[in-house]
Structures are given as structure tokens and as C-alpha cells.
Amino acid sequence: FGTEGFSELTVRKLLASYVVLREGFDVLFSDVDVAIRPGFVEDLAAHAGDIVTQSNVKRVPNNAASGTGPGTGTGDVVLPPFDELNSGFYLARSNTRARAAFEDMLLEYRKHRALNEAAALNDQILWNRVLKKSCARARRTGGVGSQAGEAECA
């Protein structure tokens with residue numbers, strides 16, 4: 001972790017997905033350490049986004065009334081990181097916007113590699129930089145198709 005070799009390896013996952021998207025196929029990607037729950041296909045299909053991903057948001061039940069959890073007992077507590085997208089599991093639909101997002105991630109990596117800064121990057125950092133920038137741009141221009149929260153756009 002944190003080496004140029006690690007960065008190169010993680011970026012190859014993005015490159016492989018991009019090649020498949022460019023060939024006209026959707027990509028369902030999962031790192032090997034992701035647990036798959038029943039019904040995940042239906043859940044993914046219910047989202048109309050170009051790229052459907054997960055976040056690293058951790059929610060814990062707020063059971064303060066029973067003394068078993070943090071807070072006041074008025075809903076779940078969201079623990080940091082609050083809005084980091086996770087590149088370890090996603091559905092990318094083969095369309096212009098999804099392909100452009102993957103191209104942007106690969107271009108961002110190449111730019112940093114040319115400056116000998118590649119060791120500081122990995123797929124997750126690129127994923128967050130590019131997709132959050134894309135979401136912000138879409139919000140400014142009114143191009144967000146659906147929105148499930150401040151950290152998610154489609």
C-alpha cells in the first residue's frame with residue numbers, strides 16, 4: 001500500500017472495467033473481500049445511475065435509551081468517513097457518461113504518474129476525486145438524474 005506498484009495494480013482494475021465498457025458491456029465489479037448479500041442484483045437494478053457504487057458510511061443503531069449504542073436514541077448514527085465512495089463494488093453501465101468517468105480516472109492517474117506522484121494514488125482516491133467532481137459539475141448544470149444524498153448522484 002502506498003507504493004507505485006500498488007497504485008499501478010489498483011488502476012489496472014479501472015482500466016479493465018473501462019475496456020469492457022468501451023466494448024459495449026455493463027460492468028459489475030467486486031473486490032474479493034466484499035460480502036455479497038441476497039437480493040443485491042435487484043437492488044442495483046433499481047438504481048438508474050450510470051455508475052452505482054457504495055460508500056464507506058458506517059451506520060450504527062442509536063440505542064442510547066437501552067444503553068447499547070451512542071447518541072440519543074433518535075435514529076442511526078453515521079460514523080466517519082461520511083461521504084467516501086468505495087471503489088470495491090460497483091455497477092457501471094456502458095454509456096457515454098460512465099465511459100467518460102473512467103477515462104477521467106485513467107487520465108488523472110497518467111497525469112500524476114508523469115509527475116512521479118503515482119505512489120500517492122490508488123483506484124479509491126481516483127474514484128472519489130473524479131466521481132465527486134463529476135457530481136458537483138452535474139449539480140451546477142442541472143444534469144443530475146437522481147440523487148439519494150449529498151454524497152451520491154447519478
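Visitor: What order do the strands take in the open sheet?
Guide: The order is β1-β5-β2, three strands with antiparallel pairing. Strands here are DSSP E runs of at least two residues, and helices are H or I runs of at least four, numbered from the N terminus. Two strands pair if DSSP finds at least two bridges between them. By the way, the model is predicted, so local features need pLDDT of at least 70, side-chain atom pairs count only at 80 or more, and totals for chains, interfaces and linings use all residues. Residues are numbered from 1 along each chain as its sequence is written, and side-chain values use heavy atoms, without hydrogens and water.

Visitor: Which strands stand at the edges?
Guide: β1 (27–30) and β2 (51–55) do; each has a single partner strand, so one side of each lacks a neighbour in the sheet.

Visitor: And how many bridges join β2 to β5?
Guide: Five, with β5 covering residues 85–92. One example is V52, whose bridge partner in β5 is L91.

Visitor: Switching to helices: at what angle do α1 and α3 cross?
Guide: Roughly 150°, with the axes of α1 (residues 4–22) and α3 (residues 96–114) coming within 10 Å. Axes are lines fitted to C-alpha atoms, for helices over the stretch in contact, and angles run from 0 to 180 degrees between N-to-C directions. That makes α1 roughly antiparallel to α3 (the term covers angles over 145 degrees).

Visitor: Which residues make that contact?
Guide: Among them are V11, L14 and L15 of α1 and F102, M105 and L106 of α3. Contact means heavy atoms within 4.5 Å.

Technical notes. Angles under 35 degrees count as roughly parallel, over 145 as roughly antiparallel, 65 to 115 as roughly perpendicular and the rest as oblique.
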